[in-house]
Amino acid sequence: MEAEWWRDAVFYEIYVRSFSDSDGDGLGDLPGIRSRLPYLRELGVDALWLTPFYPSPDADHGYDVADYADVDPRFGTLADFDAVVADAHALGIRVTVDLVPNHTSDRHRWFTEHPDYYVWADRPNNWPSHFGGPAWTFDATRGKYYLHLFAPEQPDLDWHNPAVKDEFEPILRFWLDRGVDGFRIDVGHSLYKHPELPDEPEPFPLETPFSSDWRLAVDQPEVHGLYREWRVLLDSYPGERMLVGEIVFSDPRRIAEYVRSDELHLSFNFGLLHEEWRADRLRMTIDRTLAALGEVGASSSWVLENHDVARLATRYGSLRGARAGALLLLALPGAAFLYAGQELGLDEVELPDEARRDPIFLRTNGERLGRDGCRVPLPWSGDAPPFGFTTGEPWLPQPAGWSGFTVEAQAGDPASTLALYRAALAARPRGGALAWRESPPGTLVFERDGLLCLVNVSAPSLDLPEGELVLASEPDVTAVLPPETAAWLRLPVPSLGRGRSARP
Ligand code: BGC
């Protein structure tokens, strides 16, 4: 077995309810995922990350878990889950699942049977909820306030209570015994709160991606002990199971503390995700991330899309930019996370207010639009909604104009975004450090493992040096990269005389 496979793996995030629906209820489900595994094999991903499919009243689309060791009937059964794992493994694809340990649903039985598992206060402090409004709700039965960093239906667990840890170990074992290859830990930096629950010194901008930078409540030292214990637990299983933490800080040095050699295997590094499409900014983020994680011997992981952020083509202002970004992402050293639909070049969807379902939209009375626009069900085939996603009504409406974006439309087109991702996943360098090469302003040029990655973000043009053109983000690229394009070149190996000109 490949040692430390996760270090440079490509993970594919499946937002379960938006991927593929097998039973016509308009929600994607596990049998739907299973039926699409050959597509994912052909795409060339190494591992899946499935967002929560556990029983949930859906205040935050499954991130409010009511039972950690079961499948919500809307998404299938445990047998369906086992079948996904078995089929994925047979195709050489690993399966990781979401673990949500910061909070439960308020309908989880613990909330009534074990209120001492949660964080309570006689008087609320000034902490705001990430989803708008205060982070405290009064519970008339207890005569106290309970903490919820997210929606009121997501009470935060009190990890200072050792019973909480005791509850989670069997949950991890439950899924490990079923064969999962690892867990993505939701809001992994905030499990332990400051025991004194002090007021935040001043209001901070909740709508910014790194609002956790300001929170005094989170990033407490005890969390590292927990991750060390979980690491030992995972290491006791065969087959290199792994943990990736959602650790949301702008400073990669803070993230590095979570990926020391005896803690999490990987963390998300959202620096790149939240960076502008500007060469100097991107380079600075890449350097800072690699330096900080390198200090602790950790592999980086790179992300340009997920289910919480607007689609890349929309953020970069063009599909062309998004395609160039893909070649940057997949040439960087470390692991990469793709979000379902990224490989199709989907745009953020502008939904009518009445269709929006995100608690962020609902709780801020529409002041913040929320995340529905990147969660619209995938277009698989056909000329009109529901584009093969379901036989019923998709849970969020798909744009009528998506017919050119379907898997069916793109699969046979060598110039499509899907074809670009397939080719990039097949040709992507693995192993080897990044070495910057002369990069004129507005460009990024680096070498890795004999491959030269050239990204022209905004320079008038960038000449391609001598070498074999492996892949370009636009079909007409030959000797020169115009703005918003990228290319990979295999460098000539002088002693073997294998070099060929990029000019055909
Ligand atoms: C998830 C969000 C979710 C939040 C609360 C985030 O990390 O990615 O989708 O709303 O945690 O669980």
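1. The shell around the ligand is made up of seven charged, three polar and three nonpolar residues. Here Asp, Glu, Lys and Arg count as charged; Ala, Val, Leu, Ile, Met, Phe, Trp, Tyr, Cys and Pro as nonpolar; and the others, Gly among them, as polar. The model is a predicted one, in which local features need pLDDT of at least 70 and side-chain atom pairs count only at pLDDT 80 or more, while totals for chains, interfaces and linings use all residues. Residues are numbered from 1 along each chain as its sequence is written, and side-chain values use heavy atoms, with hydrogens and water left out.

2. The ligand is surrounded by 13 residues, of which Asp 60, Asp 186, Glu 246, His 307 and Asp 308 are the closest.

3. For Glu 246, an N or O atom of the side chain is 2.3 Å from an oxygen atom of the ligand. The distance for a polar side-chain atom of Asp 186 is 2.7 Å, and for one of Arg 184 it is 3.1 Å. The protein buries 97% of the 310 Å² that the ligand exposes when taken alone (Shrake-Rupley method, 1.4 Å probe).

4. The ligand takes up the space of the largest pocket. A pocket is an open set of points on a 1 Å grid over the protein atoms alone, where a 1.4 Å probe fits, with protein on both sides within 12 Å along at least five of seven lines.

5. Lys 193 belongs to the loop between strand 7 and helix 6. Its relative accessibility is 3%, so Lys 193 counts as buried (under 20% relative accessible area, 1.4 Å probe, protein chains only). The Lys 193 side chain has polar contacts with the side chains of Asp 156, at 2.9 Å, and Asn 102, at 3.0 Å. Such a contact is a pair of N or O atoms within 3.5 Å, one able to donate a hydrogen and the other to accept it.

6. Phe 204 lies in the loop between strand 7 (182-185) and helix 6 (222-235). Phe 204 is buried, at 9% relative accessible area. Its C-alpha atom is 6.5 Å from that of Trp 214, ten residues apart along the chain.

7. Helix 13 (residues 417-427) is largely enclosed by the rest of the structure, because eight of its eleven residues are buried. Among them are Thr 417, Tyr 421 and Arg 422. Helices are DSSP runs of H or I with at least four residues, and strands are runs of E with at least two.

Definitions and conventions. A residue is near a molecule or strand if one of its heavy atoms lies within 4 Å of it. On a 1 Å grid over the protein atoms alone, a cavity is a set of points where a 1.4 Å probe fits but cannot get out, and a pocket is an open set with protein on both sides within 12 Å along at least five of seven lines; lining residues have an atom within 4 Å of a point. A molecule sits in a cavity or pocket if more than half of its atoms lie within 2 Å of its grid points. Buried means under 20% relative accessible area, exposed over 50%, partly exposed in between (1.4 Å probe, protein chains only).
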